[in-house]
Amino acid sequence: MTEVLLAASGPKTRDLFSSMLGELGYTDILCVSTGREAWRLLQEKSFSLVLIVSPLREGKGFDLAKMAAQTTAGVILICRPILYEEASTRLESTGVFVLSTDMGRRFFNEAVKLMAAVHKRLAGAEPQTERMQQKLKDIRIVDKAKCLLIQYEGMTEEDAHRRIEKQAMDRRLPKREIAEEILASYSSS
């Protein structure tokens, strides 16, 4: 996805940065003028790039940048030179790329390319992270079921593990499903 979210309070600023992004090949650009609108869109959609031109109508945009950095998007905050040090200090540990308005077009282009690369890396890692989280959930469920078998059936951990594994193989079901059945049978009694 090459969709860009551009948050800038002034229409001239939005037009300028939309034009610069267009020159870099970004054609799907959603423009908003407030952090509130941007936050709502961040919760509804995925973006490859979030560009925040500070200040916004309700503030400097630092909190919006932090929230956007929790997604897979590359995030750039552009601010006036007078705010640059504060923005850099507050956002340096979040992965937000902070630029000053006196940066020049070439530096802006390089920053956008860098954030596009960051987005590709993060988006590629997301499915793997989800699979690992699901595996951890499965392990926890199986461990809970083993604990119940140990507690109520007087089994050893090894015997409980073997029972879950054997039922899963015999019934051709994942161990998690067998463990859920065990959990359900002891929670209903």
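This is a predicted model: local features need pLDDT of at least 70, side-chain atom pairs count only at pLDDT 80 or more; totals for chains, interfaces and linings use all residues.
User: Why is T34 called buried?

Analyst: The relative accessible area of T34 is 13%, and buried means under 20%, so T34 counts as buried. You will find T34 in the loop between β2 (29-32) and α2 (35-44).

User: What makes the link between T34 and E37 a polar contact?

Analyst: Their side chains are joined at 3.0 Å, and the cut-off for such a pair of N or O atoms is within 3.5 Å, so the pair qualifies. Setting aside neighbours within four places in sequence, T34 is also in contact with R57 and E58.

User: How do you know that the peptide bond between S54 and P55 is cis?

Analyst: Omega is about 0° for the bond joining S54 and P55. P55 belongs to the loop between β3 (49-53) and α3 (62-68). Both S54 and P55 are among the residues lining the second largest pocket, which holds about 150 Å³ of space.

User: What makes E58 a lining residue of the largest pocket?

Analyst: Lining residues have an atom within 4 Å of a pocket point, and E58 is one of the 13 residues lining this pocket. E58 is also among those nearest the centre, along with G61, F62, D63 and L64. The largest share of the lining, 4 residues, comes from α3, and the pocket holds about 210 Å³ of space.

Notes:
Residues are numbered from 1 along each chain as its sequence is written. Side-chain values use heavy atoms; hydrogens and water are left out. Helices (H or I, at least four residues) and strands (E, at least two) are DSSP runs, numbered from the N terminus. Buried means under 20% relative accessible area, exposed over 50%, partly exposed in between (1.4 Å probe, protein chains only). A polar contact is a pair of N or O atoms within 3.5 Å; within protein, one must be able to donate a hydrogen and the other to accept it, and residues adjacent in sequence count only if both atoms are side-chain atoms. Contact means heavy atoms within 4.5 Å. On a 1 Å grid over the protein atoms alone, a cavity is a set of points where a 1.4 Å probe fits but cannot get out, and a pocket is an open set with protein on both sides within 12 Å along at least five of seven lines; lining residues have an atom within 4 Å of a point. Grid points are joined across faces, edges and corners, and a volume is the space filled by probe spheres set on the points.
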